[in-house]
Amino acid sequence: MAGEQQIVLKEHVSRQWTNELLSYRFEAPQGACHVNSLSMEGPQGPQPVQLSDVEYWPATRMVKSATLWLVADLAPLATNTYAVRYQA
């Protein structure tokens, strides 16, 4: 089973943001996200993503919840969409 979640960044104050470290709460349904399967694609293609504070579903290596970390750039008044993909 594969899954996808989207993160949408919107810039509202007409400022350039560069190399910003961002964190988001990530949750996956039971049995949907193996810890080693997570990937991310942003506006420029694949990009690094990291998890911390991982909570697993009992007796598995399947992610229940975690903090997801990424580094992003955002142009003035832009909207960028990031796809977080995972599988069992």
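This is a predicted model: local features need pLDDT of at least 70, side-chain atom pairs count only at pLDDT 80 or more; totals for chains, interfaces and linings use all residues.
Local features here need pLDDT of at least 70, side-chain atom pairs count only at pLDDT 80 or more, and totals for chains, interfaces and linings use all residues. Residues are numbered from 1 along each chain as its sequence is written, and side-chain values use heavy atoms, with hydrogens and water left out.

Begin with the open sheet of four strands, in the order 1-7-3-4. Its pairing is antiparallel. Strands are DSSP runs (E, at least two residues), numbered from the N terminus. Two of them pair if DSSP finds at least two bridges between them.

Select residues 2–10 for strand 1, then 45–47 for strand 4. These are the edge strands, and each pairs on one side only. From one strand to the next, the twist averages 30°. Axes are lines fitted to C-alpha atoms, and angles run from 0 to 180 degrees between N-to-C directions.

Now move inside the sheet. Select 39–42 (strand 3) and 79–87 (strand 7). They run antiparallel, joined by three bridges. Click E41: its bridge partner in strand 7 is A83.

Next comes an open sheet of three strands, ordered 2-6-5. Here too the pairing is antiparallel.

Finish at E20: its bridge partner in strand 6 is A72.
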